[in-house]
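Me: Hi! Could you walk me through this one while I have it open?

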Amino acid sequence: MVDYIMLEKYAKNKSVLLVEDDENIIKETKELLELIFSNVIVAKDGDIGIQKYLNYKKENDKYIDLVITDIQMPKMDGIELTKLIYKENSEQLLIVLSAHSESHYLLELVNIGISHFITKPLNYDSFVHVLYTKLKEANDNKNDEINSSIVVIDKELKWDKELNQIYQNNQIVKLTKKETKLLELLLKYPEKTLSVEAILNYLWLDDENNAPDIANLKNIISRLRKKIPTIDIENVYGFGYRINLNYTK
């Protein structure tokens, strides 16, 4: 069942490219899409479709969120269009409109990687349901990607692996370059002890004029502990350091 409130949320600020040569289908489908998406782009064949797809990326520095394409079209069919789009962006969310008479094309489309088909003539309830399902999947996958970039250190601390940034109670903690590099290294291998030598080599890798110094490393760790009192950087005597994750405690 379609949750229309969530559908509106999933489609908010999303763009869609409809590639279709049938004027009647264009008119009806475009009107429906405009009720859901904030930006609806139409192309009447695959050749125009790929041009508009690439132009959108160039002008907006991001890809169109959803492409809906017919199979049989003049100049460039939907199969060739799909191949070009996947070559440009293998993660593109793409739905194919398929007439029953075009079933012999489906195996090739499946081999390309398409798993989302809508049968023509369109049943608009089914069409909206497919849109809702695919947008929900895309939203869930995006959230999974975001969550996977976050390391929870403890109930107050989180580390963003993409940004190399630590947050305490959702507030950024300002760190020096060496402090950031140390956390980046330790959090690549949480709960694992890294030797002092390995840490020193990593921190001073780009410093040709400065030799690694254990005293400097101790100063970095001391400053980190003052800035972030709850952080658990453990000194394993005679070997090195490790960071302990305490989010379950």
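Here is a short chat about helix packing, an aromatic pair and the strands.

Me: Before we start, what kind of model is this?
Reply: It is a predicted model.

Me: Good to know. At what angle do H3 and H4 pack, and how far apart are their axes?
Reply: Helix H3, residues 46-60, packs against helix H4, residues 78-88, at an angle of about 15°. Their axes are 10 Å apart. Angles under 35 degrees count as roughly parallel, and H3 and H4 are therefore roughly parallel to each other.

Me: And which residues make the contact?
Reply: On the H3 side they are Gly-46, Gly-49, Ile-50, Tyr-53 and Leu-54. H4 brings Leu-81, Leu-84, Ile-85 and Glu-88. By type, the residues of this contact are six nonpolar, two polar and one charged.

Me: Is the H3 and H4 crossing left-handed or right-handed?
Reply: H3 passes H4 in a right-handed crossing.

Me: Switching to rings: how many aromatic pairs are there?
Reply: The count comes to three aromatic pairs. One of them is Tyr-53 with Tyr-63, which is stacked, at 5.7 Å centre to centre with 20° between the planes.

Me: Nice, Tyr-53 again! Where do Tyr-53 and Tyr-63 sit?
Reply: Tyr-53 is in helix H3, while Tyr-63 is in the loop between H3 and strand S3 (66-70). The two are ten residues apart.

Me: Now the strands. In what order do the four strands of the open sheet come?
Reply: The order is S6-S7-S8-S9, and the pairing is antiparallel. Strand S6 (150-152) and strand S9 (171-172) stand at the edges with a single partner strand each, so one side of each has no neighbour in the sheet.

Me: How many bridges join S8 to S9?
Reply: Two bridges join S9 to strand S8, residues 165-168. Gln-168 stands opposite Gln-171 in S9.

Me: Which strands does H7 lie across?
Reply: Helix H7, residues 177-188, lies across S6, S7 and S8. H7 runs at about 90° to S7, which covers 157-160.

Me: Last topic: which residue in the turn between S11 and S12 has a positive phi?
Reply: That is Gly-238, with a phi of about 85°. S11 and S12 form a hairpin with three residues between them. Strand S11 (residues 233-236) pairs with S12 in the antiparallel sense over four bridges, and Glu-234 stands opposite Arg-242 in S12.

Me: What about S10 and S12, over how many bridges do they pair?
Reply: Strand S10 (residues 194-195) pairs with S12 (residues 240-243) over two bridges, in the antiparallel sense. There, Leu-194 stands opposite Tyr-241 in S12.

Terms used. Residues are numbered from 1 along each chain as its sequence is written. This is a predicted model: local features need pLDDT of at least 70, side-chain atom pairs count only at pLDDT 80 or more; totals for chains, interfaces and linings use all residues. Side-chain values use heavy atoms; hydrogens and water are left out. Axes are lines fitted to C-alpha atoms, for helices over the stretch in contact, and angles run from 0 to 180 degrees between N-to-C directions. Angles under 35 degrees count as roughly parallel, over 145 as roughly antiparallel, 65 to 115 as roughly perpendicular and the rest as oblique. A crossing is left-handed if the near helix is turned anticlockwise from the far one by less than a right angle, and right-handed if clockwise. Contact means heavy atoms within 4.5 Å. Ala, Val, Leu, Ile, Met, Phe, Trp, Tyr, Cys and Pro count as nonpolar, Asp, Glu, Lys and Arg as charged, and the others, Gly among them, as polar. Two strands pair if DSSP finds at least two bridges between them. Rings of Phe, Tyr and Trp (its six-membered ring) pair if their centres lie within 6.5 Å; planes under 30 degrees apart count as stacked, over 60 as edge-to-face and the rest as tilted.
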